[in-house]
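My notes follow in the order in which I made them.

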Amino acid sequence: MDGALSEDGGLIRDINHMDLNDNSTDPSHMALALGAFGIELNNASIPSDFLQLDSSTDIGEPSVGMEFDSDEAAKEYYIAYANHVGFGVRMNKSRRSRKDDSVIMRRFVCTREGFHSKRVIYDDGKKKRKRGTSREGCMAMIEVIRKDHGKWIVTKLVTEHTHMVTLPGKVRPRDDKIGAAPSSSGLLLGESSGSGFNNLKNFNRGIRVNPFGEGGEAQGLLEYLKRKQAENPAFFYAIQVDNNNCMTNVFWADAKARMAYRHFSDAVTFDTSYKKTKYMMPFATFRGVNHHLQSVTFGCALLMDETKGSYVWLFETWLAAMGSHPPALLIADRDKAMEGAIARVFPNTRHRFCKWHILSRCKQKLSDIYLKHTTLKSDLKECINNSQTIEEFETRWECILDRYNLWDNAWLQLLYNVRQQWVSVYQKDAFFPELYVSQQSESLNKFFKSNFNRKTSLLTFITSFDQAMAAQHEKEAQADFTTLFSKPLLRTPSPIEKQAAGIYTRAVFDRFQEEFVESLGFYADKIEDGPISRYSVTKEEDGSRSYIVRFSESDKKARCTCCMFEYSGILCRHILRVFLIVGVRTLSEEYVMKRWTRDAMTSIVLEERVVEPGLSFPECMVSWYNDLCNDVVRFGMEGAISSDLYKVAKAALQKAIAEVVAAKNMQRKGQQNMQRFVRLQKMQYKMPLPKLQPKKTPARTVQQDEVGRNKTGIKDNSLSLTDSALSGGTH
């Protein structure tokens, strides 16, 4: 008996890969005044023949017995039909076979099917506005089942809706069904430009089903994330909400993940391949490889959908959590929406497709051919993994197409067109620990399959994954202990091997030792002499393949055509063989990549956070806070190794806090003095000036004027008499 699966957790994207997170336009809220049409809709069922598709379209009415080549074709047809009729579509149920776990039934329903749960998730005592619901028990649906011959047949169909559908511009009412419509029926014909009737994209966005929303597990998830941050302030999480304040996307990263990214950000894998959660939500992880060749997680996310908008939000949020330092290389699955988001958020990051995912897809795309040709799988792997030059890969690929007559295979043609982004031979000149990444992908996928099923709740999923991450950190601690307190067994008396044993971690040294010992089974012939000599290095048992090593006598540098050091950071056996011949006894600094050494995480340089221009002051404070939290976590990891180091770290931290508090008090005192000065200045300008008293001058009367004139006249007369007297005396 097959088990049923409820997949109410997501709205199916249309054939144009509609971006449900695009905020360029406002969503339609579906609060429509349908009474203007003169039609009673509360309890009435609207038959499908109420509507008639425009004759210019190729989409016909669905019917029981219709056949499709795949369930994807059935989904695309029903979405296209819904777009023309004017309603949204989501996937409701599916059924899987117990034999091979393949999907054998799909059911697609109207987005207004069913009813929202009345259960209250939480109550914080605040009054909340009652929100409208898009669910009203509509029964419109289509169900397809896969038959033995591989075709998908429509077995159940309901075309009647219990609500008024919103008609796009290519749909018109039938004249013989409606009769004379009121004057306001222009909206019904899709002629309105402002109400959103003919905006089907906004219609679908407005009623998207959200597993985090009503009846979901949002509150439990939020409390879990808050508790993690309370335990460690450097724990980072972010939640995106839609226009109804429902969670859509969630991201989180613990302190160790953020710390590890500082040292191992040269190659990051973004993986969304595993979706076996209760709601079929994409579970995404950012992962890398640490100095013990172990997988390290840089953050996790649950996404509502796989649209460009969701990916852009996730990449920008993750980049902010990682200190705004983009990775040098990002490995991701081949997806158009993901590629667009990566190009937008990481314009200077090299983007590669995950080879492990592509080979896994080959098992599905070429399953029939694999059964027919048992050697095809091994030939493809040999061509992809062991081709040393581009010419060799091209030749082998053409031979495979000729041998198995696959020139017309669309999947292989698609892979060949994008070969520069996933085939190793095209990327050999850039660092990419591909071997280690593929191994960790397989182990993580195995972990998911053994611990989760489709009925696992989100909170249980995240809690279990958190426990797995704790086990991952424990393995890293054990590897640190092994590297510090155990000595590896040397297999040769060479000083190079002894030097490597003291520099590399134990896991990396094992890889290096394997290359060094294997180099003893090769012989090197000098084929060109000069300032830069050329050596042909060949294995003694197999002389069919040779590698060219160029060696500079002046600076003791070498480069091999296999490019192993360039993409893995570990010297190859061919260069090591030449070093033994020319007398190089120690490894120079350029041949020791720090990320593989014991001191990979012991850098003492604290980089200052460069604040992006245009940020507000609160945003700058958040940026500074995150940067200091990362430094403090790093400080704690260095200071918690021993009792003596703990005391030193505690004293240094106490001194640093005292200095910060003193500087803060001084800054506060300066601000207070400045405020006091400003207040005094304002008071001085506002103080009124003293009023000047006018001088009191007595009023002059007419009599005073006459007396004055008389006195003046007498004075003048006396002066005249004096002058005359003087004149007479002279004579």
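**Helix 4 and helix 14.** Working with a predicted model, I began with helix 4 (residues 218-231) and helix 14 (residues 458-485), whose axes come within 9 Å and cross at roughly 25 degrees. Since angles under 35 degrees count as roughly parallel, I therefore noted helix 4 and helix 14 as roughly parallel to each other. I then listed the residues that meet, which are G220, L221, Y224 and K228 in helix 4 and L459, I462, T463 and D466 in helix 14. Sorted by class, this contact of helix 4 with helix 14 holds four nonpolar, two polar and two charged residues.

**Helix 10 and helix 11.** I next looked up helix 10 (residues 376-386) and helix 11 (residues 390-404), where the axes come within 9 Å and the crossing angle is roughly 165 degrees. Helix 10 and helix 11 are therefore roughly antiparallel to each other, and I recorded their crossing as left-handed. On the side of helix 10 the contact is made by L376, D379, L380, E382, C383, I384 and N386, and on the side of helix 11 by E392, F393, R396, W397, I400, R403 and Y404. I counted the classes in the contact of helix 10 with helix 11 as eight nonpolar, one polar and five charged.

**Helix 16 and helix 18.** For helix 16 (residues 506-519) and helix 18 (residues 573-582), I found axes 8 Å apart and a packing angle of about 55 degrees. That angle makes helix 16 oblique to helix 18, and the crossing of the two is right-handed. Here F512, E515, F516, E518 and S519 in helix 16 meet R573, L576, R577 and L580 in helix 18. By class, I have four nonpolar, one polar and four charged residues for the contact of helix 16 with helix 18.

I checked UniProt, where an unreviewed entry lists residues 547-583 as "domain: SWIM-type". Over residues 547-583 I read 41% helix and 27% strand, with the end C-alpha atoms 20 Å apart.

**Confidence.** The chain has a mean pLDDT of 74, and 69% of its residues reach 70 or more. Confidence is highest in helix 15 (residues 495-503), at a mean of 95, and lowest in helix 3 (residues 200-206), at 33. I also marked residues 1-57, over which pLDDT stays under 50 and for which the model has 139 contacts beyond four places in sequence. Likewise, pLDDT stays under 50 over residues 167-209, for which the model has 105 such contacts beyond four places in sequence. Where pLDDT is low, the predicted coordinates should not be read in detail.

Conventions. Residues are numbered from 1 along each chain as its sequence is written. This is a predicted model: local features need pLDDT of at least 70, side-chain atom pairs count only at pLDDT 80 or more; totals for chains, interfaces and linings use all residues. Side-chain values use heavy atoms; hydrogens and water are left out. Axes are lines fitted to C-alpha atoms, for helices over the stretch in contact, and angles run from 0 to 180 degrees between N-to-C directions. Helices (H or I, at least four residues) and strands (E, at least two) are DSSP runs, numbered from the N terminus. Angles under 35 degrees count as roughly parallel, over 145 as roughly antiparallel, 65 to 115 as roughly perpendicular and the rest as oblique. Contact means heavy atoms within 4.5 Å. Ala, Val, Leu, Ile, Met, Phe, Trp, Tyr, Cys and Pro count as nonpolar, Asp, Glu, Lys and Arg as charged, and the others, Gly among them, as polar. UniProt positions are given in the numbering used here, feature names are shortened, and annotations may be inferred rather than shown by experiment. pLDDT is the predictor's confidence in each residue, from 0 to 100. A crossing is left-handed if the near helix is turned anticlockwise from the far one by less than a right angle, and right-handed if clockwise.
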